[in-house]
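Hello,

Here is the structure we talked about passing on. My notes follow below it.

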Amino acid sequence: MEKSEKFSDYLFTKMGPSNMTAAVHGTELPPKTTERSDAPIELTGYRKWLCDNLMLLVTLSGVMLGVILGLSLRPLHLHEDSIMLISYPGELFMRVLKLMILPLVISSLIAGSASLNAKMNGKIALRTLFYFASTSLFNAALGIALVLLIHPGNPDLHNADDRASDRRAVKLLDSLLDLGRNVFPDNLFQASIQQAHTVYLPKPIPVHSPNDTVTNDTAAALLHGVEAQRQLPELEEVVLVRDVQYRSGTNTLGIVFFCLVFGTVLGTIGQKGQVVVDFFAAVFEVIMKMVTCVMWLTPVGISSVIAGKILSVDNLSLVMAQLVWFIITVAIGVVIYQFIVMQFIYFVFVRRNPFKFYAGLIEAMLTAFATASTAAALPLTFRCMNEKLRIDPRITRFVLPIGCNINMDGTALFIAVASIFIAQMSGMVLGFGELLTVLLTSTAASMSSASVPSAALVLLLVVLTAIDAPVQDVTLLFAVDWFVDRIRTTNNMLGDCYAAAVVEELSRKELMALDAAAVNYQDLPAGTPNGLHVGLLEGQTELESPGKCQLNDAVVVDMNAVMNNVNLQQEQSNRRV
């Protein structure tokens, strides 16, 4: 009975304080007549709002300052060195943020997956991956619908000189195989600095086989040295051969997979691995404190990044005028998904005010917009989710690092719009089969995209090759990708956060069971596993006991009893109110 009361008190503690007036034996507690002189003064009104949203105001001021500074300095036509100096503080700011990505991902995944059991990790992983795949597919379909409705592609924008350039061989199969190679790295240390990718190298092969007869004219030409050198290239043909190489960049997918497996296995060995779990949990806390310090540099860093990017674009007004409908199409898709679809999904599953949740993520969204990288904004995303929105850290540490690498909702939208946009400029008419190909390849390519700026332009080549569209026209989008990339990155970052909220709601029963198991485990006698008294046979030691060998450190919790107890306590609380 005492354990049941203790468990009930624990559940009410997790659910938060009651709104009822505290009472003792039915009598209301008397109001406080004295206060400690050293007690902190509670802020009210606009001061409280200013204190709670100070970091948001700092980030917003950095974005606005960068835009104003960039637009005001453009008429001066600054030298390239001056633009570099203006961008330099932003470059350092980005480097510091990226410096903390790797230890943050490693510590959060290991500590998060170790705090859950293997079965729980599997359920959360399946729910997360299904959510990511569904939303990416929906964004690709939304992009196709918008680009067909608005029709931003104008054939007059096509550059005829680009037609003569060589076509680049890019295949969806290579992208998927590279995804597998990066998920399963052969060297963990190499994965921290390099990632595998497929390239096509030219390889000359002879046109004539060795059995072919050589004509008299060819033989006469080969007798002369100079003429032989002129004739040899005509006897060879250059073909492209597939080759797997490594390029600079962190293979985050491989590190995520290894840490996920490592943390899951670590959680199964019980108290033996607790010191390792505590170590990575402490590393995570240290990194988050470092992030808090770095965020005070946001006005300088973000304003420098945005101002430098605006100043480095040639003919900004001309580029915007030519591709304005393409930008509007992508922006409409992002607005529809953020303010309608995501809010609807959150309300259906969580049953709370979705716009309040959205407001809590504005600070991280502005950082993602300024840096154009979901990975660079990951430290601040953790801070908003854990401290402001109070999402379970076990879920955020699990979902956010994975979503940072495979959940690219905005990228799927952009690839679908850009591929059909280029096809429209070329005068191509796409049938149902080509549109279905764009839908599937955009979804698959977005999930294999790296969380770095402008990674979608490389994956766009995959979709264009699949529908036989001219890949040379991708160069037109480079002029506006610096802006469109920032718009779609906000979709990517918000998609990870909403996924964490939905997965937490769907996993609430399992999380409560783990909490109950932790409470029951602390009350168990230390001499026996799980608190079960195992009888020893005559002459048998405790280590030789069959119960000691058969039982592990897992705690079995009756979920029906737990939920019935919770419902009963809630009914009693409602009756008192």
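**Notes on the model**

R352 lies in the loop between α15 and α16 (354-359). Helices here are DSSP runs (H or I, at least four residues), numbered from the N terminus. This is a predicted model: local features need pLDDT of at least 70, side-chain atom pairs count only at pLDDT 80 or more, and totals for chains, interfaces and linings use all residues. Residues are numbered from 1 along each chain as its sequence is written, and side-chain values use heavy atoms, with hydrogens and water left out.

R352 is partly exposed, at a relative accessible area of 47%. The cut-offs: buried is under 20% relative accessible area, exposed is over 50%, and partly exposed is in between (1.4 Å probe, protein chains only). Not counting residues up to four places away in sequence, R352 touches Y346, F347 and R508. Contact means heavy atoms within 4.5 Å.

R351 sits in the loop between α15 and α16. Its relative accessible area is 60%, so R351 is exposed. R351 is not a glycine, yet has a positive phi of about 65 degrees. Most residues other than glycine have a negative phi. R390 also has a positive phi, about 60 degrees, and is not a glycine. R390 is in the loop between α18 (378-388) and α19 (393-406). R390 is exposed, at 65%.

**Aromatic pairs**

How many aromatic pairs does the structure hold? There are 12 aromatic pairs. Rings of Phe, Tyr and Trp (its six-membered ring) pair if their centres lie within 6.5 Å; planes under 30 degrees apart are stacked, over 60 edge-to-face, and the rest tilted.

One of them is F184 with F257: centres 4.8 Å apart, planes at 70 degrees, so edge-to-face. This pair links distant parts of the chain, 73 residues apart. F184 is in the loop between α7 (172-183) and α8 (188-191), and F257 is in helix α11 (residues 252-267). F184 is exposed at 56% relative accessibility. F257 is partly exposed at 33%.

Y346 and Y498 also pair edge-to-face, because their ring centres are 5.7 Å apart and their planes are at 75 degrees. Y346 lies in helix α15 (residues 324-350) and Y498 in helix α23 (residues 478-506), so the pair ties together parts that are 152 residues apart in sequence. Y346 is buried at 5% relative accessible area. Y498 is buried at 1%.

F326, F414 and F421 form one aromatic cluster.

**S303 in α13**

S303 lies in helix α13 (residues 298-312). Is S303 buried or exposed? Its relative accessible area is 6%, so S303 is buried. The S303 side chain reaches the backbone oxygen of P299 at 2.4 Å. A polar atom of that side chain also lies 3.1 Å from the backbone oxygen of V300. Leaving aside neighbours within four places in sequence, S303 is in contact with G62, L65, G66 and T298.

**Nonpolar patch**

W49, L50, L54, L57 and W296 make a nonpolar surface patch of about 490 Å². Patch residues have over 30% relative accessible area and no salt bridge, with nonpolar side chains (Val, Leu, Ile, Met, Phe, Trp, Tyr) joined within 5 Å and like charges within 9 Å. A salt bridge is a side-chain nitrogen of Lys or Arg within 4 Å of a carboxyl oxygen of Asp or Glu. Helices α2 (45-52) and α3 (54-73) are the elements that give two or more residues to the patch. W296 is in the loop between α12 (274-295) and α13. W296 counts as partly exposed, at 46% relative accessibility.

Best wishes

Methods. A polar contact is a pair of N or O atoms within 3.5 Å; within protein, one must be able to donate a hydrogen and the other to accept it, and residues adjacent in sequence count only if both atoms are side-chain atoms. Accessible areas come from the Shrake-Rupley method with a 1.4 Å probe; for residues, only the protein chains shown count as cover.
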